[in-house]
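Have the viewer open as you read.

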Amino acid sequence: MFGFIRKQFIDVIEWPNPGDDTLMWRFPAEDQEIQTGATLVVRESQQALFVDEGKTADLFGAGTHLLTTQTLPLLTNLKNWDKFFASPFKSDVYFFNLRQQLGRRWGTAQPVTVRDSEFGVVQLRAFGMYDYRISDPAKLFSEVTGVVAQYSREALDEPLRNVVMTRLASVFGSSGIAFLDMAANQVLLSQKMAELLAPDFARLGLTLERFSVESVTLPEAIQKALDERISMGVVGDLNRYTQYQAASAIPLAAQNEGGLAGIGAGVGVGAAIGQAMATNMNAAPAAAPQTTGNNDPQARLAQLKALLDQGLITAEDYEKAKAEVLKQLIG
């Protein structure tokens with residue numbers, strides 16, 4: 001019988017093994033009562049919230065706390081206790097995980113339709129990551145979690161992604177920034193999104209620690225049409241492109257045993273060919289149209305494509321450089 005009585009009163013309240021994916025956990029009191037003078041243990045990166053019949057009361061940070069009417073002023077007021085109250089009592093205790101939730105991914109499930117200054121009406125997709133932490137447990141409890149046994153970060157992912165998508169559609173639709181500028185300035189776009197999202201996260205009891213846009217893309221059909229338009233521009237200066245590609249191949253062939261020497265030319269012949277090609281390149285500007293030059297975007301795109309084909313630059317470098325010069329080509 002004494003064992004049964006002891007089971008009805010709680011002396012220690014703690015969350016000893018919080019999982020990384022659990023944001024909130026309710027202490028399993030069941031039908032037991034909390035002993036006045038019981039010990040509440042709150043570990044680092046935790047906070048404990050007392051809730052009485054769905055109403056938030058006292059909040060405790062990291063440390064060991066003795067539960068009395070002096071340390072539970074809000075709960076004492078809700079229960080109408082006097083300052084000498086010393087009987088066992090019932091209350092729900094919720095623990096919150098305050099660690100940063102890192103690397104949460106977001107992305108457009110459906111393309112966002114916007115009016116682009118370069119291409120007209122287009123549909124854009126975007127992807128990235130964000131980090132956040134719980135900063136106001138009482139607000140998160142009131143606005144999001146409610147009286148459940150536990151709440152995971154996966155359950156919060158969808159509401160947060162919806163908030164992100166709403167803001168992203170607003171930025172795309174009202175910024176007036178062309179797609180090419182967005183693709184080339186993802187850092188600035190990330191900063192703008194972080195500024196707009198911070199108040200939305202705060203209303204849920206969260207702090208947005210970091211937000212990044214990793215890519216902004218066009219639908220496949222539009223991207224294909226854009227690539228074809230770029231290719232047509234390159235064909236317009238085919239002679240210069242061919243000369244540059246041939247000249248770029250010579251040092252690469254010289255590095256390989258099966259290069260110029262491998263086809264029987266030998267070192268001397270290889271040098272002669274290189275000299276001849278250099279002469280042709282020096283003569284090329286005189287025969288080329290006056291509109292081509294170092295600042296010609298079509299020529300720069302041709303050079304970039306040649307470097308990519310030769311394996312001298314990566315696909316990522318090519319895409320970044322292409323975005324910078326593309327606006328000069330498309331008018």
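What follows covers the ground rules, then the strand pairings, then a helix.

## Ground rules

This is a predicted model, so to speak: local features need pLDDT of at least 70, side-chain atom pairs count only at pLDDT 80 or more, and totals for chains, interfaces and linings use all residues. Residues are numbered from 1 along each chain as its sequence is written, and side-chain values use heavy atoms, leaving out hydrogens and water.

Strands here are DSSP runs (E, at least two residues), numbered from the N terminus, as are helices (H or I, at least four). Two strands count as paired if DSSP finds at least two bridges between them.

Strand E3 (residues 33–42) runs parallel to strand E1 (residues 9–14), with five bridges joining them. Across that pairing, Ile34 in E3 sits opposite Ile10. E3 is also joined to strand E6 (residues 63–66), this time antiparallel and through four bridges; there, Thr64 in E6 is the bridge partner of Val41.

## The five-stranded sheet

An open, antiparallel sheet is built from five strands in the order E5-E4-E7-E2-E11. Its edges are E5 (55–60) and E11 (150–152), each pairing on one side only. From one strand to the next, the twist averages 20° (axes are lines fitted to C-alpha atoms, for helices over the stretch in contact, and angles run from 0 to 180 degrees between N-to-C directions).

Met24 has Tyr151 in E11 as its bridge partner.

## The helix across it

Helix H3 (residues 137–145) lies across E2, E4 (46–52), E5, E7 (92–97) and E11, where contact means heavy atoms within 4.5 Å. H3 runs at about 60° to E4.
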